[in-house]
Amino acid sequence: MVRTLLILAVATVSVFQAPLAQAQPAPTAAPEETEPGIPVTDPLVISKCGTCHVKDDKGNLSRISWERSTPEGWEEAIKRMVRLNGLKITGPFHCQISGGLSRLGA
Ligand code: HEC
């Protein structure tokens, strides 16, 4: 009887452990590698952002091609680039760039 219980207990533990082990995500996977980026084709975006956000052989700009946002969200991102990273940009370009970027998807 004790033996049967022991076998049952071991069996139950291994049944519950198997799916748990599979649920663990691979810790090394970077966001860039888990989904395809959207190539940036807007020449203004490439010229203004491509100096720091390097273009790969598929036309993806680093970070930008994996970012999904609204025009307002892109405006904020551009402001962050100006404030934090020293991006130099003039007023009218702002709208054109966020327009070009929001074609990447919301
Ligand atoms: C002077 C260099 C520089 C330029 C020019 C630049 N960036 Fe960045 N950007 C950075 C750095 C540095 C980071 C932070 C590093 C990182 O997270 O990969 C960053 C991060 C980002 C991020 C992710 C973090 C966040 O704050 O949202 C987005 C989105 C982004 N940049 C968009 C843009 C866009 C759009 C342009 C063009 C209008 C641009 N960047 C131009 C340097 C730059």
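## Surroundings of the ligand

In the shell around the ligand, α4 supplies the largest share, five residues. The shell comprises 17 residues, of which the closest are C49, C52, A77, M81 and N85; a residue belongs to such surroundings if its C-beta atom, placed from the backbone, lies within 6 Å of the molecule. Two or more residues are given to this shell by each of α3, α4 and α5.

## Basis of the description

This is a predicted model, in which local features need pLDDT of at least 70 and side-chain atom pairs count only at pLDDT 80 or more, while totals for chains, interfaces and linings use all residues. Residues are numbered from 1 along each chain as its sequence is written.

## Fold and contacts

The chain contains five helices and zero strands, running α-α-α-α-α from the N terminus on. These elements are DSSP runs numbered from the N terminus (helices: H or I, at least four residues; strands: E, at least two).

Of the contacts in the chain with a separation of 6 or more, 56% join residues 24 or more positions apart; a contact requires C-beta atoms, placed from the backbone, within 7 Å of each other.

Buried residues make up 12% of the 106 residues in the chain. A residue is buried if 20 or more other C-beta atoms lie within 10 Å of its own, exposed if 12 or fewer, and partly exposed in between.

The largest nonpolar core has ten residues: V40, V45, C49, L61, I64, W74, I78, I97, L101 and L104. Two or more of them come from each of α3 (43-49), α4 (71-85) and α5 (91-102). Such a core is a set of buried Ala, Val, Leu, Ile, Met, Phe, Trp, Tyr and Cys residues joined through C-beta atoms within 7 Å. Setting aside residues up to four places away in sequence, L104 touches I38 and R68.

## Helix α4 and backbone features

With 15 residues, α4 reaches 20 Å from its first C-alpha to its last, close to the expected 21 Å (1.5 Å times one less than the number of residues). Just after α4, G86 adopts a positive phi of about 80 degrees.

R63, in the loop between α3 and α4, has a phi near 65 degrees, a positive value in a residue other than glycine. R63 counts as partly exposed because it has 15 C-beta neighbours inside 10 Å.

Key:
Contact = placed C-beta atoms within 7 Å.
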